[in-house]
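Please have the display open as we proceed.

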Amino acid sequence: MRVLIFDAGISNAHSIAKALRAADAAADVRTDLTLLPSADCLVLPGVGAFGPAAQALAPYREALRTAVTQGLPVLGICLGMQLLFDRSPESPGGGLDVLAGEITALPTRRRPHMGWNRLAVGPDQPPLGLDWAYFAHSYVCHPADPAAIWATTAHDEVRFVCALRRGSVWGVQFHPEKSSRAGIAFLRRFLREVRCG
Amino acid sequence: MTSARVVACLDVSGGRVVKGTRFRDLRDMGDAVELARRYEEQGIDEIVFLDVSATLEGEASILALAERAAAEVFVPLTIGGGIRSLDDIGRALRAGADKVAINTAAVENPELIDAASDRFGAQCIVISVDTATVNGRPTVWTRSGTVDSGRHLLEWAAECERRGAGELVVTSIDRDGTRRGYDVETLAQVADAVGLPVVASGGAGGIADVVEVFRGTAVSAALVAGILHEGEVTVSAIKTALAAAGLCVRGAS
């Protein structure tokens, strides 16, 4: 089982690698895609704003998009989740466009949203395996397909999508790598489902 | 609903946790990663490592500490103390910090906040503000709380927000290490003045103080140090008391 953590620009890729190692996975952080053909799954990290991240992603966009649409399992974390979408109205540049929907600023009084929230799993969705998770973000995604919404949470009474799932495409707005033991267990679960197809 | 965060602050020197009163008289309180792991098991929401040695050796050792901690402790880690440049920030983040706390360098060179936020994202740029009230006016102090910059606390807080900071840690110099409770009045003013998350710091003497600062202000988090390190209270006891007071917290029993 080899996990490729693709770090196109600014991310906490090394923290994610450490958490994946704690979940017993072999994880490589790379700034290019030479390991893509041998990877069993892809982790797309990212922090900060959509625009600069999408720009940094641009040279690799088609190769990544092709791999994911052909079935390479992917877990997008925080901005990495937002990069699964096409674009953000507030930023130029495109994401991977493997999910339809848009990214908007979180319309809350207190921003960035930083802290721990309890997650609410959507109706007819499988359990997430963790109840609480750590967030650090100012933007949120709005998937066009409601069936892709796995879980939501609320900050300053604004509810937003914090986990989504469509086939082998997973995205989480929270940071499993910073959500203590339950976060590591969530990563373990992603790896297990990837392994079992 | 976002929960009230309890943050453990570990003043470190050479990988060891030290604690002093009003920034002086340092005492050894144990291995930093060991303590951080224990707090994570107890349900701490975040950990701050503050390098109080302020030397070049100190910088190397806190980076080594971040590297070690990030492999074993899976809650957000902030590094502060001696962060002066974009290079310092990049090194801290690469070593495993999730956020950096900038204090003196931000006051002396506010453009650093804009540049750091642009390059690394607002969510990892924490501005640490030491404050003391002189003649009724709360001002911002630098150089480990020894130099009064003359800047008004609320003006500086607003400027930090405008320049792209992601969070403010506000430490009352008069209360730090004294266990007389947080400076609730000043913290309430800051938390109302900005839209950034504000972390209360300085003066926690017991569980009641943590409850009081969350009930009396709009702060997002409270920083605790000595009372945890000396084993007087546990993280879970704090969480349980916060939940009993009607606050949303993670991991209350």
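I begin with A:Asp124, which counts as exposed because its relative accessibility is 82%. Please bear in mind that what you see is a predicted model. A:Asp124 sits in the loop between strand S7 (120-121) and S8 of chain A. Its backbone deserves a remark: phi of A:Asp124 is near 65°, a positive value in a residue that is not glycine.

B:Ser144 belongs to the loop that runs between strand S8 (137-142) and strand S9 (147-152) of chain B. Is B:Ser144 exposed, partly exposed or buried? With a relative accessible area of 48%, B:Ser144 is partly exposed, since the exposed class begins over 50%.

Let me return to chain A for another backbone feature. The peptide bond that joins A:Arg111 and A:Pro112 is cis, with omega at about 0°. A:Pro112 is placed in the loop between strand S5 (101-105) and strand S6 (113-118) of chain A.

Next, a buried aspartate. A:Asp28 is part of strand S2, residues 26-30 of chain A. Why does A:Asp28 count as buried? Its relative accessibility is 16%, and buried means under 20%. Which residues does A:Asp28 touch, leaving aside those up to four places away in sequence? They are A:Arg2, A:Val3, A:Leu4, A:Ile5 and A:Leu35. From A:Asp28 to A:Ala39 there are eleven residues in sequence, and the C-alpha to C-alpha separation in space is 9.4 Å.

I now turn to the empty spaces. Rolling a probe the size of a water molecule over the atoms shows where empty space is left. How many cavities of 30 Å³ or more does a search of the whole structure find? There are three.

The largest cavity has a volume of about 70 Å³. Its lining comprises B:Glu59, B:Ile62, B:Leu63, B:Ile79, B:Gly81, B:Gly82, B:Ile83, B:Asp88, B:Arg91 and B:Ala92. Two helices of chain B, H2 (56-72) and H3 (86-95), each provide at least two residues of that lining. By class, five of the lining residues are nonpolar, two are polar and three are charged.

The second largest cavity holds about 50 Å³ of space. Around this second cavity stand B:Val7, B:Glu46, B:Val48, B:Thr78, B:Val126, B:Glu167, B:Val169, B:Val199 and B:Leu223. Here strands are the contributors: S4 (46-51) and S10 (167-172) of chain B are the elements that give two or more residues to the lining. The class count for the second largest cavity is six nonpolar, one polar and two charged.

Finally, an open space, the second largest pocket, with about 680 Å³. It is lined by 42 residues, and those nearest its centre are A:Gly48, A:Ala49, B:Gly121, B:Ala122 and B:Gln123. By class, the pocket lining divides into 21 nonpolar, 13 polar and eight charged residues.

Conventions
Residues numbered from 1 in each chain as written. Chains lettered and ligands numbered in written order. Predicted model: local features only at pLDDT ≥ 70, side-chain atom pairs only at ≥ 80, totals over all residues. Heavy atoms only, no water. 1 Å grid on protein atoms, 1.4 Å probe; cavity = no way out; pocket = protein on both sides within 12 Å on 5 of 7 lines; lining within 4 Å. Points joined across faces, edges and corners; volume = space filled by probe spheres on them. Helix = DSSP H or I, 4+ residues; strand = E, 2+ residues; numbered from the N terminus. Nonpolar A, V, L, I, M, F, W, Y, C, P; charged D, E, K, R; others polar. Buried < 20%, exposed > 50% of the residue type's maximum accessible area, 1.4 Å probe, protein only. Contact = heavy atoms within 4.5 Å.
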